[in-house]
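Here's a quick tour of a protein model, put together for someone new to reading structures. Have a look at the sequence and the 3D view first, then work through the points below.

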Amino acid sequence: MNFSPKYTLAAVAGALLIWSCDTAPSDESLKAGLKEDVTYLAADELAGRAIGTSGEQKAAEYLAAEFKEVGLLPKGTEEYFQPFTVSKPTNPHEEAVIGTDGEGVTGRNVIGFIDNKSENTIVIGAHFDHLGMGGNGSLHRGDSAIHNGADDNASGTAALVALARILKHEEHKSNFLFIAFSGEENGLWGSNYFVKNPTIELSQVNYMINMDMVGRLNAEKTLAINGVGTSPSFLPALDLANADSLKLVTSESGVGPSDHTSFYLQDLPVLHFFTGQHEDYHKPSDDSELINYNGLLLVVKYIDRLVDQLDAEPKLAFTKTKDSSGDSPRFTVSLGVVPDYLYDGKGMRIDGVSEDKPAQAAGLMKGDVVVQMGDSTIVDMMSYMRALSSFQKGDEVLLGYQRGGEKKEVKVVF
């Protein structure tokens, strides 16, 4: 289906029926806006929103129009936009250079501001780019196809706009900076560029909230929150804000594969919200009709309550987390599974099995819980990764797992 930008006359007329600048948005209007935004951003017309493409530019223009409609002040370097150019290295062992004026791919962050005349600013962000037609990072096996990225990360981008609508009508002690990042899928390019070229003083930033894949809240209402160890103020506030009885699964680390990492590395407290991996991750099947819009609204309302809870605090203290040294396990082999990152039991629960990989060849299935790999006992994701990093291609290992409460064993060849 094709969708025209909201700033066409017909769409603006429809938007006026949903939104009023004079009143706080209702749950019904917020949900309608979430669905409208995800549907537009994840439409085939935008061809997967890969950085440097016309689809990414259309998405950026759409978001700038949304920010203007909400009443956010432009806070980019070119109105709402903060363009950046990435020069790709010819040597594969060199890193991409971000922010140069030379040849390369150009993306744009979209930035809006609520000025409450405060010394402190809360940054709320989400990346809006995705994989385009696939390529590096895609888990799709077959012909090239549009990767619409409804959950990854049209969902987080729609939540960003919804929070802007809510917070514009609330009284808070802090300012708010809303950033839709580009280039996240390529290596956190947009957020990396922003923290090194901020449009406000980073010393004014109190903390950063990142929403990446928040559109698939499950039946148990499980919400993963990463980075809770980056400030001592976070954990008490998380529980106090939980009015909808969400099942909160937390981790301390401020480092992860999303844009909050760029802010954590600047010694800023961060939180990353995530509703879990699924079988459509980085595949063409990640489409807008699969989004749980009621669940997405619950996530938005939870974050709004959390911001309100933290607003009573003075400026938050920053704490480095245990793995801040960056000594992550290095892998030369893969089991070929998608871990269930929301699982909080003992072991590593499998959320999906890739085709033609060791796990499928060994008969492992979604729902199996890996508890042993060779001599290593698996109690959580970190112990699983450490165990996996010890194997080389061609190694054979006896893997212990639980299926339906029954302990089983199988040989896996990497």
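Let's start with a charge and a ring: Lys-75 lies over the face of Phe-113, at 4.9 Å from the ring centre. Bear in mind as you read on that this is a predicted model.

- Buried or exposed: which is Tyr-40? Tyr-40 is buried, since its relative accessible area is 3%. Tyr-62 counts as buried too, at 2% relative accessibility.
- Phe-67 and Tyr-80 make an edge-to-face pair, with 6.4 Å between the centres and 65° between the planes.
- That pair links distant parts of the chain, 13 residues apart: Phe-67 sits in helix α3, while Tyr-80 sits in the loop between β1 (73-74) and β2 (81-87). Both Phe-67 and Tyr-80 are buried.
- Ring pairs also join Phe-181, Phe-194 and Phe-263 into a cluster.

**The nonpolar cores**

- The largest nonpolar core has 63 residues, and the ones touching the most other members are Ile-124, Phe-178, Met-211, Phe-273 and Tyr-302.
- Which helix gives the most to this core? That's helix α4 (residues 150-167), with 11 residues.
- Take Ile-124 and skip its neighbours within four places in sequence: Ile-124 is in contact with Leu-160, Leu-163, Leu-167, Phe-176, Leu-177, Phe-178, Ile-179, Ile-209 and Met-211.

**A closer look at Ala-180**

- You'll find Ala-180 in strand β6 (residues 175-181).
- Ala-180 counts as buried because its relative accessibility is 0%.
- Leaving out neighbours within four places in sequence, the contacts of Ala-180 include Leu-63, Arg-108, Phe-128 and Leu-160.
- Ala-180 and Gly-76 are 104 residues apart along the chain, yet their C-alpha atoms are separated by 11 Å.

**Strand β13 and its partners**

- Strand β13 (residues 369-373) is mostly covered, with four of its five residues buried.
- On to the pairing: β13 and strand β12 (residues 348-353) run antiparallel and are joined by two bridges. Arg-349 has Val-369 as its bridge partner in β13, and Met-348 has Val-370.
- How many bridges does β13 share with strand β15 (residues 396-403)? There are four, again in the antiparallel sense. In β15, Gln-402 is the bridge partner of Val-369.
- β13 also runs antiparallel to strand β14 (residues 376-377), with two bridges between them. Here Gln-372 stands opposite Thr-377.
- The hairpin of β13 and β14 has two residues between the strands, and in it Gly-374 takes a positive phi near 65°.
- Ile-350 in β12 is the bridge partner of Pro-339.
- Here's a handy thing to know when you look at strands: in a regular strand, side chains alternate between the two faces of the sheet.

**Backbone spots worth a look**

- Where's the cis peptide bond joining Asp-152 to its partner? It joins Asp-152 and Asn-153, with omega about 5°. Asn-153 lies in helix α4.
- Arg-49 isn't a glycine, but it has a positive phi, near 55°. Arg-49 is found in the loop between α2 and α3, and it's buried, with a relative accessible area of 0%.
- Leu-188 is another residue other than glycine with a positive phi, this time near 60°. Look for Leu-188 in the loop between β6 and α5 (189-196).
- Why does Leu-188 count as buried? Its relative accessible area is 16%, and buried means under 20%.

Note on methods: Residues are numbered from 1 along each chain as its sequence is written. This is a predicted model: local features need pLDDT of at least 70, side-chain atom pairs count only at pLDDT 80 or more; totals for chains, interfaces and linings use all residues. Side-chain values use heavy atoms; hydrogens and water are left out. Buried means under 20% relative accessible area, exposed over 50%, partly exposed in between (1.4 Å probe, protein chains only). Contact means heavy atoms within 4.5 Å. Rings of Phe, Tyr and Trp (its six-membered ring) pair if their centres lie within 6.5 Å; planes under 30 degrees apart count as stacked, over 60 as edge-to-face and the rest as tilted. A charge sits over a ring if NZ of Lys or CZ of Arg is within 6 Å of the ring centre and within 35 degrees of the ring normal. Two strands pair if DSSP finds at least two bridges between them. A nonpolar core is a set of buried Ala, Val, Leu, Ile, Met, Phe, Trp, Tyr and Cys residues joined through side-chain atoms within 4.5 Å.
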